[in-house]
Amino acid sequence: MEEELDIEKIAQKMFAKSMTGADIATTVKNAHINALERAKIYESMEEGRFSPAMLEYFRITAEDFEKSIASFNSENSKKRNPIGFTKKV
């Protein structure tokens with residue numbers, strides 16, 4: 001990840017969308033995929049010109065996370081019940 005990445009800001013955006021642990025894992029995975037696409041790593045692999053040296057300066061950026069968070073389906077989060085001890089017996 002890029003050094004200037006504001007992890008706290010990303011975490012707040014995920015919290016605002018009521019993401020679960022599984023949602024967060026998927027969001028991070030998608031951010032990684034976004035970065036690979038942005039850096040044209042997949043394209044270079046398909047064309048047979050990929051080199052491990054291409055990953056030397058590869059970084060996941062805030063924009064990669066923003067794109068991943070924006071694509072999160074918040075409709076599902078509205079149907080979720082809160083986690084914790086708020087349920088009355």
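**Why these labels?**

Reply: Happy to, and let's begin with Arg-59: at 38% relative accessibility this residue counts as partly exposed, because partly exposed covers what lies between under 20% (buried) and over 50% (exposed). Please keep in mind that this is a predicted model.

Me: Where is Arg-59 found, and which residues is Arg-59 in contact with, leaving aside neighbours within four places in sequence?

Reply: Arg-59 is found in the loop between helix H3 (41-46) and H4. Leaving aside neighbours within four places in sequence, its contacts are Met-1, Glu-2, Ala-35, Arg-38 and Asp-64. Arg-59 and Glu-3 are 56 residues apart in sequence, while their C-alpha atoms are 8.8 Å apart in space.

Me: What is the secondary structure of the chain?

Reply: The chain has 5 helices and 0 strands, so the pattern read along the sequence is α-α-α-α-α. Of its 89 residues, 24% count as buried. Among contacts between residues at least 6 apart in sequence, 70% join residues at least 24 apart.

Me: What makes H2 oblique to H4?

Reply: The axes of helix H2 (residues 21-38) and helix H4 (residues 62-70) come within 8 Å and cross at roughly 125 degrees. Roughly perpendicular ends at 115 degrees and roughly antiparallel needs over 145, so H2 is oblique to H4. The crossing is right-handed.

Me: Which residues make the contact of H2 with H4, and how many are nonpolar, polar and charged?

Reply: From H2 come Thr-27, Val-28, Asn-30, Ala-31, Asn-34, Ala-35, Glu-37 and Arg-38, and from H4 come Asp-64, Phe-65, Lys-67, Ser-68 and Ile-69. By class, that contact has 5 nonpolar, 4 polar and 4 charged residues.

Me: Why does Thr-27 count as buried?

Reply: Buried means under 20% relative accessible area. Thr-27, found in helix H2, has 3% relative accessibility, so this residue counts as buried. Its side chain reaches the backbone oxygen of Asp-23 at 2.8 Å. Not counting residues up to four places away in sequence, Thr-27 touches Met-14, Met-19, Ser-68 and Ile-69.

Me: Two of those names come up in H4. Why does Ser-68 count as buried?

Reply: Ser-68 lies in helix H4. The cut-off for buried is under 20%, and Ser-68 has 2% relative accessibility, so the label is buried. Leaving aside neighbours within four places in sequence, Ser-68 is in contact with Thr-27, Asn-30, Ala-31 and Asn-34.

Me: And what makes Ile-69 count as buried?

Reply: The reasoning follows the cut-off of under 20%: Ile-69 has 5% relative accessibility and therefore counts as buried. Ile-69 has its place in helix H4. Its contacts, leaving aside neighbours within four places in sequence, are Ile-10, Lys-13, Met-14, Lys-17, Met-19 and Thr-27. Ile-69 and Met-14 are 55 residues apart in sequence and 7.1 Å apart in space, C-alpha to C-alpha.

Me: Why is H1 called roughly parallel to H4?

Reply: Helix H1 (residues 7-16) and H4 pack at an angle of about 0 degrees, with their axes 11 Å apart. Angles under 35 degrees count as roughly parallel, so H1 is roughly parallel to H4. Ile-10, Lys-13 and Met-14 of H1 make this contact with Phe-65, Glu-66 and Ile-69 of H4. By class, there are 4 nonpolar, no polar and 2 charged residues in the contact.

Me: Let's turn to the loops. What is the phi of Ser-18, and why does Ser-18 count as partly exposed?

Reply: Phi of Ser-18 is near 55 degrees, a positive value in a residue other than glycine. Ser-18 lies in the loop between H1 and H2. At 41% relative accessibility, Ser-18 falls between the cut-offs of 20% and 50%, so partly exposed is the label.

Me: How do you know that Lys-40 is partly exposed?

Reply: Its relative accessible area is 47%. Exposed would need over 50% and buried under 20%, so Lys-40 is partly exposed. Lys-40 has its place in the loop between H2 and H3, and its phi is near 60 degrees, a positive value in a residue other than glycine.

Notes
Residues numbered from 1 in each chain as written. Predicted model: local features only at pLDDT ≥ 70, side-chain atom pairs only at ≥ 80, totals over all residues. Heavy atoms only, no water. Axes fitted to C-alpha atoms, helices over the stretch in contact; angles between N-to-C directions. Helix = DSSP H or I, 4+ residues; strand = E, 2+ residues; numbered from the N terminus. Parallel < 35°, antiparallel > 145°, perpendicular 65-115°, else oblique. Left-handed = near helix turned anticlockwise from the far one by under 90°. Contact = heavy atoms within 4.5 Å. Nonpolar A, V, L, I, M, F, W, Y, C, P; charged D, E, K, R; others polar. Buried < 20%, exposed > 50% of the residue type's maximum accessible area, 1.4 Å probe, protein only. Polar contact = N/O pair within 3.5 Å; in protein donor to acceptor, adjacent residues only side chain to side chain.
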